[in-house]
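Hi there,

Here is the model I promised to pass on. Have a look at it first, and then read my notes below.

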Amino acid sequence: PGETLAILGPSGSGKSTLMHLLLRLYDYTRGSIQYDGRELTTLPRKWVRGQIGVVMQEPFLFSKSLRDNLRLGHGSAPDQEVENAAQTACIHDTILSFEHGYETVIGERGITLSGGQRQRVAIARAVLKRAPVLILDDAMSAIDAETETMILDALKTRRGRATTLVIAHRLATLVHADRIIVLDH
C-alpha cells in the first residue's frame with residue numbers, strides 16, 4: 001500500500017490484461033489476486049471499482065462541460081478540488097484558456113480536445129476521485145515529456161497515501177516508481 005509500481009513489457013505481454021483483471025472487467029480462472037488480503041473475486045465489482053481511479057490510454061469523455069467530465073468520479077467535489085486536480089494533471093491553464101473555461105462543452109469522446117488534453121482531463125478526473133488505488137494504463141502516451149514530468153512530480157504528493165500502478169513504454173515515466181516489474185510472455 002502507498003507505493004508506486006511500474007509495469008513494463010512488450011506489446012502482448014499482459015499489462016493491460018492485468019489491469020482489466022484488477023478492475024474485475026473479467027475474472028480469472030487460475031491463481032489469486034488479493035486486495036488487502038481478500039480474494040478479489042469475492043469482492044463486489046462495484047466496490048472494487050470504487051476503490052480504483054483508472055486512466056486508460058484512450059480515455060472516454062462525454063459531451064458535457066469539462067467540469068462535469070472531471071466530476072464523474074466525485075460528483076459532489078467543490079470547484080476548488082476540481083481545479084486542484086486539474087492543476088495536478090497540468091490541464092488547469094489550458095482549461096482557463098478556453099472561452100468558457102470549465103464550462104466549455106466538449107464533443108462526444110472529447111473530440112474537440114487533443115489527445116494529450118483528453119489524457120490530462122482523464123488524469124485529473126482520476127485524481128479527483130481520491131481512490132486508494134490509481135491505475136495509469138499508458139495514460140501519458142500523448143503527453144509531451146516535460147508535461148509528463150510535471151504530472152509525475154505532482155502525483156508524488158500521493159505517495160504513502162495511495163497505491164499507484166503505472167503502465168508505460170517510456171522509461172522516463174517509470175523512474176519515479178518504487179518498484180518496476182517486467183512482464184514477458
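Helices (H or I, at least four residues) and strands (E, at least two) are taken as DSSP runs, numbered from the N terminus. This is a predicted model, in which local features need pLDDT of at least 70 and side-chain atom pairs count only at pLDDT 80 or more, while totals for chains, interfaces and linings use all residues. Residues are numbered from 1 along each chain as its sequence is written, and side-chain values use heavy atoms, with hydrogens and water left out.

Most residues other than glycine have a negative phi. D36 is not a glycine, yet its phi is positive, at about 50°. You will find D36 in the loop between β2 (34-35) and β3 (38-39). Its relative accessibility is 62%, so D36 counts as exposed (over 50% relative accessible area; buried is under 20% and partly exposed lies in between, with a 1.4 Å probe and protein chains only). C90, also a residue other than glycine, has a positive phi near 55°, and C90 sits in the loop between α4 and α5 (92-97).

Next, the sheet. Five strands form an open sheet in the order β4-β5-β6-β1-β7, with parallel pairing; two strands pair if DSSP finds at least two bridges between them. At the edges are β4 (52-55) and β7 (179-182), each pairing on one side only. From one strand to the next, the twist averages 15°. Strands β5 (residues 133-137) and β6 (residues 163-167) run parallel and are joined by five bridges, with I135 opposite L165 in β6. Helix α6 packs on this sheet and touches β4 and β5, where contact means heavy atoms within 4.5 Å. The direction of α6 makes about 175° with that of β4; axes are lines fitted to C-alpha atoms, for helices over the stretch in contact, and angles run from 0 to 180 degrees between N-to-C directions.

What does α6 (residues 115-129) meet in α4 (residues 79-88)? E81, V82, A85, A86 and T88 of α4 meet A124, V127 and L128 of α6. Of the residues in this contact, six are nonpolar, one is polar and one is charged (Ala, Val, Leu, Ile, Met, Phe, Trp, Tyr, Cys and Pro count as nonpolar, Asp, Glu, Lys and Arg as charged, and the others, Gly among them, as polar). The axes of α4 and α6 come within 8 Å and cross at roughly 130°.

Best wishes
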